[in-house]
Amino acid sequence: MSVKEPPSAPTALQEFVTNLKAAPRRIAETAVRSGTPDTDRTRSTFIFGNVFLHLHAVRTHRWTLRWAATLGLGIASVAAFLLTLITGVLLMFYYKPYTDVAYQSIKDIHFVVPTGRLIRNIHRWAANVMVVTVILHMARAFYTAAYRKPREFNWLIGMGLLVVTLGLSFTGYLLPWDQLAYWAITIGANIAQSPREVTDALGLTDVFDPGGLQKLLLLGSDAVGAEALIRFYLLHVMILPLALAALLSVHFWRVRKDGGLAKPADVDQRLGTPTVPTYPVFTMAPNKTYQLAAIVRGRTPAVGRGPENTVPSMPHLFYAELGVFMLTVLVCVALSVWSDAPLKELANPLVPENPAKAPWYFLGLQELVAFSAFAGGIVVPSIVLIGLGLIPYLDRSDVGTGLWCGGPGGWPLVRRSIAVGLGIALAVEAFIIRFGWLREWIPGIPQLVITVVNPGTVITLLYGAWSVWMVRRFSSARAGALALFTCFLCGFVVLTIIGTYFRGPNWGFYWSPADWPKH
Amino acid sequence: MKKNKYLLLLSSLGTLILLVGAAVQENFGKDWRKIQATAHSDEGPIPVQLRQIVNGTLRTSDRCVSCHVAMGPGEQSVTGSPLLVQHKKVVHDPAEYGCAICHGGQGQATEKEAAHGEVEFWPEPMLPASRSYAGCGTCHATLHVPNHQTYLRARATFERLDCRTCHRVNDRGGTVRPGGGSLEGPDLSRVGLAGYAADWYPRHLQHVSDAASATAPSPPPSAPPSAWKTAFAPVSGEDQAAVKTYLDLLVGAPQFVEAKSVFNSSGCLGCHKISGVGGDEATDLSRAGERDPGQLPFHEVAGRPTLENWLGEHFRSPSGVVANSRMPALAVSDQDIDWLTFYVLSLRRRELPSTYVPRDRVRATKLGEREYADDGATLFGTFCAGCHGPKGLGRRSPGMPSFPSIASPGFLALASDDFLIATIRQGRPGRRMPGWERDGGLTRDDIAKVVAWLRETSGTQAKPDPKPRRWVETGQGTADKDLGKRLYAASCSGCHGDKGQGIEGPALNNQILLANATDTFLAETISGGREGTSMQGFLAGSSSRRSLSPQEIEAVIAFIRTWEVTRK
């Protein structure tokens, strides 16, 4: 005899339907396991339960979220990098890194592939934006003295990121294989070869030729050709992006481990108490210190007292980061809609461009290289890089950390350094444009003298002298660093602008391209 | 902290707007959409979609029909925008062949500027509309094209004989006969390719006589017998030959053929090679019509930087356009420069599957048939006229030694046929004249024809020379080499060089010259000079230089002969 089943028990089918209905909700729940981030606890788990977000601290200091603190330049750099990464991968679907088809494939991307032109424009603009933001980010870190203990090494990693960024941009420059690309890279390769200037003058080139070796490593040949293209391609799409990603991870990780962004010692007084309607500062006062905090540098939250000047990173920090991210995307897309990436004639090794110009961020160097490649292209940049790298180890004080132009001298010193930096660069440039340089005066002058006495070395020496004076005047390494960094930034801007806009055929000076001779 | 929220909101909105705008522009803002939206076929509005002609065998995928819809397969009835016109009736249906194979340009692009190649630095722009027929050269090689003069004469003969009264050629002629009823002969526009009855002339005469006798056993097609009575009259043999020449050149592309005939009168192959034929001195021109303008120097070229403009200026002043060019300025009319530009633009190639290689190209590449006619005048025009001038009277071009006049009666009277043939065969090593008896050059038969033409055009036969080839030293033995050396240094070395290497004048130490020139040739040339050149006769007195006696001339010859390397 059959027993009638209770009608209330769901059948397997009903259960299946119920589960199916619940599936979307459950997928969401299991994806974000902590539930809605609406309490301190759930906000925290939201962050450290997420592989992508857990590099962030759970709470962010209000100082950090002020726009003036960072100007969002670091995030903007990352945003630009991600944009180049995504658009770059898309471009790889169509780009062919062989000299006989490379140019054609770029033409196809530009004119045939749907949205190809926009993608290529975004890639190009994002790359340029990235160079700018990386440089500005570095300036921000410098002017707020954020390189100081415990962030010294992160400053060095940041410099590594700058070099890799320039390398990425430079290697990408060759890939279109047009005249612009070809001759810009030829110039770059000749700069790499420039130590030969010195070895030649000393008669050593036959036995010791680091310049030739550098160029050979870069190009795989004597001239820019098929080997160079494949090398640059591999560097551009594989080696340098991986290097950048690795350095970037360390950079982020260190920011976190070094206690977030640099803040002035008296940050709490400077901020004052938070205004009343501020988003909940904390919902549960801690009643014990977290031992985890011992691993992270900085002060642990005090027992019985909430960290008034921190706010939950979720959502405050993420709004800020996403906001800057989207602003960067907006800028890149707007620039891409407004202006197309250049594409000139197919590369022709027999017809040099005149003037042949390197990518814009190297035009300041090219301005110096025009006088002697070794001093302008190797010595001065090396001095700059070494000087930058030494800054955190020479400036050991802690006065003014976290403040713009913080430290002895302050803004008045920076202001005066801007005047000096611009003045010296403009004066030297005006002098050489008006009166020429050594070779015009003494035709038979030895190459070694040419190499040593470059306008770049002159400018560097003058900047150095100004900086040393400032060190003595304020008896502070920070003052010297402020002076020197400001001067070099000004020099970079002046030389880059002159190289970009005022140099014509045979590197002659012209007020405008309209004045260039016809041939 | 609210401002971060607004920053995020506004940036995201801005980006969204830009991307949506770009997407709309990309998907809906294209010109071809607007054009197609105006279009109607017999069945009403046409679907707006990207259209293309695909031919896998030719590797064609041309999207030109997205705008030029009415030229696509089965779309002839589409009208609307003024752009929507059918293609002119052509043998190569664009629906099968696509567009870019003939017209050039970028077939896959979907915007006008990019497709037509009007974009800055575009490597392969479209052929200009006025030169569309240059596209034929991509696949076709019209064979046996004579020089321009012969072509014009043949065409004029065809016109003079009123062949067009009955026959339609290139969309002209073949109208209804006035007063005689309709007499429509076959369209002859492409008989050069399709072929025609070789016995057309006797058959025409037969029709006339049949019509006259009114028996007409086999009435010719499409014409009442009465019309034949007056339609045709006997034609001289010479005119028949001219008509044959013209018919063979009717390939449906009159401009292409005429341009080639001008090319075959300009001597370019003397230095340039095309498809393995011609000289080695200069650039191979086989693909000169598809050169990337971006790779050419445009400093001296006026107008837009197109290959067309570059070629025109280059023909006018080769060394002005290309630094260190050794090409002589052509000194021909603007009209001819136009034709040459046309022809060079037609020098393009495309890899074709064998089923698509046209017969004329097969005959040229596989069967060794030639693209120039084999009469002496055309051979001279094709290979020699570039340096020796259209009439063989030499050419002077600034910055290079003058090219000798070889058709002047004085020279031809002295030079034996053997001398001329040997010179053409072996050339002048060290000078720009190459030896022509080789692959890609001339056959012995050709060389004989060129010599015959030189004789014919100058009306000069070689004077018979009773003396032996070498009589100066074997004669009385009076020739004094030392005296010759002094005289040479004083009178000759200024132009011919102190070692006979040639400066402004030709090289005299040239072994092939020394081997082939008889003593009589040398003696007569020295005493009489060479008309049309700076070589004056030395026998006659001159106010500006010392004259030479016959003995002295012999001494000079004896000295010149000392440069000859005697083989043992």
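Two residues are taken to be in contact if their C-beta atoms, placed from the backbone, lie within 7 Å. By this criterion, 23 residues of chain B are in contact with 26 residues of chain A. Helix H1 of chain B (residues 2-28) gives the most to the side of chain B that touches chain A, with 12 residues; helices are DSSP runs of H or I with at least four residues, strands are runs of E with at least two, and both are numbered from the N terminus. By class, that side of chain B has 10 nonpolar, 10 polar and 3 charged residues, where Ala, Val, Leu, Ile, Met, Phe, Trp, Tyr, Cys and Pro count as nonpolar, Asp, Glu, Lys and Arg as charged, and the others, Gly among them, as polar.

The model is predicted, with local features requiring pLDDT of at least 70 and side-chain atom pairs counted only at pLDDT 80 or more, whereas totals for chains, interfaces and linings use all residues. Residues are numbered from 1 along each chain as its sequence is written, and chains are lettered from A and ligands numbered from 1 in the order in which they are written. The model scores ipTM 0.83 and pTM 0.80. For chain B, the mean pLDDT (the predictor's confidence in each residue, from 0 to 100) is 86, and 94% of the residues reach 70 or more.

Chain A has 21 helices and 2 strands, and its C-alpha trace spans about 115 × 65 × 45 Å along the principal axes. Of the 519 residues in chain A, 42% are buried, a residue being buried if 20 or more other C-beta atoms lie within 10 Å of its own, exposed if 12 or fewer, and partly exposed in between, with C-beta atoms placed from the backbone. Among contacts in chain A with a separation of 6 or more, 75% are accounted for by residues 24 or more positions apart.

Within chain A, the axes of helix H8 (residues 152-174) and helix H16 (residues 373-394) come within 8 Å and cross at roughly 165°. H8(A) is therefore roughly antiparallel to H16(A), the term applying to angles over 145 degrees. In this pairing, A:Glu152, A:Trp155, A:Leu156 and A:Met159 of H8(A) meet A:Leu385, A:Leu388, A:Gly389, A:Pro392 and A:Tyr393 of H16(A). By class, the contact has 7 nonpolar, 1 polar and 1 charged residues.

In chain B, B:Gln49 occupies the loop between strand E2 (44-45) and strand E3 (53-55). B:Gln49 is exposed, because 10 other C-beta atoms lie within 10 Å. B:Gln49 and B:Gln36, 13 residues apart in sequence, are 8.0 Å apart in space, C-alpha to C-alpha.

Terms used. Axes fitted to C-alpha atoms, helices over the stretch in contact; angles between N-to-C directions. Parallel < 35°, antiparallel > 145°, perpendicular 65-115°, else oblique.
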